[in-house]
Amino acid sequence: MNDIESRLAEALAARAADVEPHDQDDALNRISERVTMSHRRTFTILAVAAAVVVAAGTVAFLSGDDDKKQAVNIATDSSDPTTTASTTPTTVVRSAGPTPIWPFASDQRRIASAADAARSFAIDYLGMTNAVVGDSNGLDVQVFPNERASLRTIVHVVEDDTKGFVVVGASADMIEVDTPVAHDPLSSSLAVSGRSLAFEAQINLELRPYGSTSPVFEDFTMGGGSEVLPFSTTITPPSTDEPLVLVVFEGDASGEGAMSQATVIPLAAGSSESTEPPTPTTTRERTPEEAIDVHIRSSESEYAGPCDEAIENEEIDKYCSRLYEDRGTTRIYSAGIVFSEFDTWLLLTHGADGWTVTDAASAGTVDEPQPPPW
Amino acid sequence: MGPSTTLAAMHREHYRSLVKLASLLIDDRSTCEEIVQDAFVAVFRSPARLRDESRLPAYLRSAVLNGARSQLRKRQVRSRLRSVDSPVSEVASAEAGALAAEDQRAVLEALRSLPDRQRDVLVLRFYLDLSESEIATTLGIGAGTVKTHTRRGLEALAQQLENRR
């Protein structure tokens, strides 16, 4: 170590030695509270979503054809229907309305608890052979693929008078599916979109009949591999009059099980083909700026817009972007903190809904800049 | 180990050292603690980051450096950057060590005026004693870049201290 290195090391050590945190226990409490609040918000949304799914399914069932009716009890026990941010069990949802995904109708057993339903669903339906059940919020039960993993799937359970606790869906933290939503009807062309983060960016799609773990359709698409990124694909389900279950999942790279996380969505049987001519869509296409804004916000940062229009002092911690190359249906933008060197390349692709950020890459540093990899 | 257990364990093991790390870049201890708490919250509410516990220390260090950098940038932009000559209650001021303390303050002041990457690399190298590959992982840059920033940072530091004489 030369003189300047020694002086630097001594100065750093001396400064650090003179600083002690105030109250570490208090700090841990504050951190835990903020982390818990964040998770509670997610849980509350999921609990409400699960209740809405069941309610929507019930309405769909009641308005369905007589020959599709099943013997079910429909009653939502709302004696304590709170949806506030609370760790205590909230909405008690009784009855499955539509056919439960798990256990299968042919299964005569009665599952005694939400945790048991979630565990057997994870192991036997999702193929998470070493699944570990975590905390639950009401009837939303956390499942992890093994005891070491933090990757979480929330299994949505409802209580059925005859079968005990049954599973009606699941949501993985890192596989958010926007379309389809639960009980959307199957069609000859099914758009599947959302945001995901998975090993090597690949997420898999399966359509399964009720009462089976064998898919009748398999495909895959690409989302984010190092950060949450949008995915979008259109699949062609097999022609069937039966409802199916959509399973969007990340394969278990460790080889311990079949999946490490999964979002599971029940889909209704396809509606009869309309004889009406298609209505022209009036949906406005997403602009490149809007696509970049969505992408930046998904990484919990703020987007200021084009770098040339950024306002000094007011947008100092936000990201801005600049068009680097226009290739027609794809564009490359550079992005970085306002008034700093850009550090990220963004690849935008034009699709049916307009522009979407389909990939991102490091732009390197000032000393070692990296060209866009596309 | 569940997320809450991990948080407690990581806090116990790293909170104090991260506050000290932040204090090398920011002169106000309360702000340092806020930066470190923000870093824990950011890391532990992101399931993606919790997927690999072995990388959590690097994520936390990176988040602290980013937080400190953001603070410094705000202060610079608002022209309210306080030098280490401003009151820093924790800095030793004992008369016997006055000379050494003066040199240390000068070194810290020069360090804080370096470009972001050079400053971060020097702190990780000469305070945390991280290897080049560990620094590269923490900052998300190549090992070669770490070497370059280290060399240039030390040269700039030496030049600044020379100019002060």
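Colleague: Which residue in β9(A) does S196(A) stand opposite?

Modeller: Residues are numbered from 1 along each chain as its sequence is written, chains are lettered from A and ligands numbered from 1 in the order in which they are written, and side-chain values use heavy atoms, with hydrogens and water left out. Strand β6 (residues 190-196) of chain A and β9(A) pair in the antiparallel sense over seven bridges; strands are DSSP runs (E, at least two residues) and helices likewise (H or I, at least four), numbered from the N terminus, and two strands pair if DSSP finds at least two bridges between them. In that pairing, the residue opposite S196(A) is L229(A).

Colleague: Which residue of β6(A) is the bridge partner of V177(A)?

Modeller: Strand β5 (residues 175-179) of chain A runs antiparallel to β6(A), and four bridges join the two. On its other pairing, with β9(A), the residue in question stands opposite F231(A). The partner of V177(A) is G194(A).

Colleague: How many of the seven residues of β6(A) are buried?

Modeller: Buried means under 20% relative accessible area, exposed over 50%, and partly exposed in between, using a 1.4 Å probe and protein chains only. By that rule β6(A) is largely enclosed by the rest of the structure, because its buried residues number five.

Colleague: Which side chains of β9(A) point to the buried face?

Modeller: Along β9(A), residues 229-235, the side chains alternate between two faces.

Colleague: What relative accessibility does H183(A) have?

Modeller: H183(A) is found in the loop between β5 and β6 of chain A. This residue has a positive phi of about 75° although it is not a glycine. That loop is also the place of P180(A), whose peptide bond from T179(A) is cis, with omega near -5°. H183(A) counts as buried because its relative accessibility is 18%.

Colleague: Which residue is joined to C307(A) by a disulfide?

Modeller: The structure holds one disulfide over all chains, meaning a pair of cysteine sulfur atoms within 2.5 Å; here the S to S distance is 2.1 Å. The link is right-handed, with 90° about the S-S bond. C307(A) lies in the loop between β12 (303-306) and β13 (319-326) of chain A, and its partner sits 13 residues away in strand β13. That partner is C320(A).

Colleague: How are α1(A) and α8(B) oriented to each other?

Modeller: The axes of helix α1 (residues 3-17) of chain A and helix α8 (residues 143-164) of chain B come within 10 Å and cross at roughly 85°. I4(A), E5(A), R7(A) and L8(A) make the contact from α1(A), with L154(B), L157(B), A158(B) and L161(B) from α8(B). Angles under 35 degrees count as roughly parallel, over 145 as roughly antiparallel, 65 to 115 as roughly perpendicular and the rest as oblique. The two helices are therefore roughly perpendicular.

Colleague: Where in chain B does pLDDT stay under 50?

Modeller: Chain B, with eight helices and zero strands, averages a pLDDT of 78. Where pLDDT is low, the predicted coordinates should not be read in detail. The stretch under 50 has 28 contacts beyond four places in sequence, and covers residues 78-94 of chain B.

Terms used
This is a predicted model: local features need pLDDT of at least 70, side-chain atom pairs count only at pLDDT 80 or more; totals for chains, interfaces and linings use all residues. pLDDT is the predictor's confidence in each residue, from 0 to 100. Contact means heavy atoms within 4.5 Å. Axes are lines fitted to C-alpha atoms, for helices over the stretch in contact, and angles run from 0 to 180 degrees between N-to-C directions.
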